[in-house]
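Open your viewer and load the model. We will go from the whole chain to its parts.

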Amino acid sequence: QIYISYGQKSNAELLLLYGFAVERNPYNSVDVTVSIVPRTESFVKELNDESIPVDPLAEEKIAFLQSVGRESMVDFPCYAD
């Protein structure tokens, strides 16, 4: 008996590379990018747009992200289940 492992691939990768897709593929995902815009007072002033409010917690949010080793932009997979 022989087993073949195609690895952790999305349906798009399986279809492109091997010509088939799996109905309930746990690796079938879309990467979603989330970013925090630092609406600090200085940042909002640079934009020169009165309609954009200053976030009073912007500095604290940025400091927290830095303290836990995170960037202001994060990619994560979103599964269609």
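What radius of gyration does the protein chain have, beside that of a compact globule of 81 residues? The protein chain has 21 Å, while the globule would come out near 12 Å. Keep in mind that this is a predicted model.

Stay with the whole chain and show only the C-alpha atoms. Along the principal axes, they fill a box of roughly 65 × 30 × 20 Å.

Next, switch to cartoon view. Now trace the protein chain along its sequence. The pattern reads α-β-α-α-β.

Colour by pLDDT. The average for the protein chain is 87, and 98% of the residues score at least 70. Select residues 11-18. This is helix α1, where confidence is highest, at a mean of 92. Then select residues 73-79. This is strand β2, where confidence is lowest, at a mean of 82.

The protein chain exposes about 7100 Å². Carbon and sulfur atoms supply 54% of that area. How much of the protein chain is buried? Buried residues make up 11% of the 81 residues.

Last stop: charge. The protein chain has 6 positive and 13 negative side chains. How far apart do the centres of the two sets lie? They lie 5 Å apart.

Conventions. Residues are numbered from 1 along each chain as its sequence is written. This is a predicted model: local features need pLDDT of at least 70, side-chain atom pairs count only at pLDDT 80 or more; totals for chains, interfaces and linings use all residues. Side-chain values use heavy atoms; hydrogens and water are left out. Helices (H or I, at least four residues) and strands (E, at least two) are DSSP runs, numbered from the N terminus. The radius of gyration is taken over C-alpha atoms; the globule rule is 2.2 Å times the number of residues to the power 0.38. Buried means under 20% relative accessible area, exposed over 50%, partly exposed in between (1.4 Å probe, protein chains only). Accessible areas come from the Shrake-Rupley method with a 1.4 Å probe; for residues, only the protein chains shown count as cover. Lys and Arg count as positive and Asp and Glu as negative; His and the chain ends are not counted. The place of a charge is taken as NZ of Lys, CZ of Arg, CG of Asp or CD of Glu. pLDDT is the predictor's confidence in each residue, from 0 to 100.
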